Amino acid sequence: MIISSISSFGRYCLFMTQVFRTPDKWKVFFQKLILEISKLGVDSIPLVIIISLFIGAVITIQMTINIVSPLIPSYSTGLATREILLLEFSSSMMSLILAGKVGSNIASEIGTMRVTEQIDAIDIMGINSANFIVLPKVIGFVLFVPVLCVLSMFMGLIGGWFIAEFTTMLSVENYVFGIQSFFNEWYVWYGIIKTVVFAYIIASVAAYYGYYVKGGALEVGQASTKAVVSSSILILLADVILTKLLLQ
Amino acid sequence: MIEAKNVSKWFDGQRILYDISATFETGKTNLIIGQSGSGKTVFMKCLIGLLSPEEGTILYDGRIFREMSQQQKRALRTEIGMLFQGSALFDNETVLGNVMFPLRMFSRMSHEEQLERAHFCIKRVGLTNADEKYPSEISGGMQKRVAIARAIALNPKYLFCDEPNSGLDPRTSILIDELLSDITHEYGITTIINTHDMNSVLGIGEKIVFINKGHCDWIGNDKTIFRSKSQSLNDFVFASKLFQEVKKFLEREYEAEENI
């Protein structure tokens, strides 16, 4: 188990040295980059909006129900909602969700290319296939993911505002005052930095599993599952390390 | 011309190829034949450089592949066209996009010139009104034609085809064989075709290398294959009832020739 993990890590590192090379043709690279930003990033916007909106609403409801002490000011609901969204949900939880969507997409796409010999066809032409296929995906996703993170923060707060506006659980004034109180700008940067690291993990790990698939359709599915599981675990591990490094 | 000298290959301690030596000539359709699992695909992958043989040498027009620098290997690869068993077309590209791919990556042509060249190649393989279709929207035979068009887009010196007839009906198989043969002669390409289709052997086998259990058992052409004394080759060639009948007919012919 340990030897296998070390071996996989070594192979992943070698794979990354192939990926991070100068592209054969910059024009083609930028065309693919735009395509990947659209496919992996822009196409994830609806999912991010829906999930953030609902989770923001749920967090607000839970905070309202649980903060009942008269010693705690009423604006605390908004404040707690904001802190949860900024510190953990919009970066870590959203990345775990994106690992499922984007990670499986990347692993299955590259895995299918492998089993249908499309990667061999690229290699035969003398093109660095790892660089050609994977680099635009990694760079594209890493570049766009801060947008998704900030969008998630914003939509989460809007979800909470909906609860304040359309229910009698808390007032809009208290909620808005809460989300504006004791604001620490660094928390936004902290969330963005974490998301960028997680995006790199999602894209590179999924690409690694897809690239080294052997077999057929069944193995592509297994690689996709492995990619999601591995990247999720690595995200959680990186979350602990980054939180320790950035917040302490 | 491509030469293989004493090529041997192992996988996990198991020997797959045993000292295979063969020469594949320029301007001819060279066939590698053998049963499934005989090692012919491994041999072809060694020839292309997708696998490294543990022993032996591959020479491209006298240039030793193993001793080439990475840059030289890259340059050589632009001289190679490859037709894969499953066509290996890019799913997210149209027919035109697939054929233009190597031109976009390697040529210094303008976009218009690339388009012109791609259209020429598509026309050359006999495809019409398919430019904007995706690989999933065309038949297997058409996919093979697109793959051939892509393979010849850069005017390759060497063309490798891995089982070009697999999954095709007999009529389409013959058309693909004829197309490969025509292209080989027209452009003077060194074409190597990996197949176990006897129709191809008889139709375009200008040079035939027979591989059996990792050994090169016989080298000849479509004229000499029926006179071979190699038992393993005869078992392979005359496996079907049709070819057993052909064998009986030929034996009678040979006897008649000898009597005369």
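Where is the place of Ser87(B)? In this predicted model, for which local features need pLDDT of at least 70, side-chain atom pairs count only at pLDDT 80 or more and totals for chains, interfaces and linings use all residues, Ser87(B) is found in the loop between β6 and α3 of chain B. Residues are numbered from 1 along each chain as its sequence is written, while chains are lettered from A and ligands numbered from 1 in the order in which they are written.

Although Ser87(B) is not a glycine, its phi is positive, at about 75°. Ala88(B), also not a glycine, has a positive phi of about 55° and lies in the loop between β6 and α3 of chain B. Ser87(B) counts as buried because it has 24 C-beta neighbours inside 10 Å, and Ala88(B) counts as buried with 23; a residue is buried if 20 or more other C-beta atoms, placed from the backbone, lie within 10 Å of its own.

In chain B, six strands form an open sheet of mixed pairing in the order β6-β7-β8-β3-β9-β10. Strands are DSSP runs of E with at least two residues, helices are runs of H or I with at least four, and both are numbered from the N terminus; two strands pair if DSSP finds at least two bridges between them. The edge strands, each pairing on one side only, are β6 and β10 (215-220) of chain B. From one strand to the next, the twist averages 15°. Strand β9 (residues 207-212) of chain B pairs with β10(B) in the antiparallel sense over five bridges, and Ile208(B) stands opposite Gly220(B) in β10(B).

The axes of helices α3 (residues 95-106) and α4 (residues 111-124) of chain B come within 9 Å and cross at roughly 125°. Axes are lines fitted to C-alpha atoms, for helices over the stretch in contact, and angles run from 0 to 180 degrees between N-to-C directions. α3(B) and α4(B) are therefore oblique to each other, a class left after angles under 35 degrees (roughly parallel), over 145 (roughly antiparallel) and 65 to 115 (roughly perpendicular). The residues that meet include Val95(B) and Leu96(B) in α3(B) and Gln114(B) and Arg117(B) in α4(B).

Between chains, 14 residues of chain B are in contact with 13 residues of chain A, contact requiring C-beta atoms, placed from the backbone, to lie within 7 Å. The largest share of the side of chain B that touches chain A, three residues, comes from α3(B).

Definitions and conventions:
Two residues are in contact if their C-beta atoms, placed from the backbone, lie within 7 Å. A residue is buried if 20 or more other C-beta atoms lie within 10 Å of its own, exposed if 12 or fewer, and partly exposed in between; C-beta atoms are placed from the backbone.
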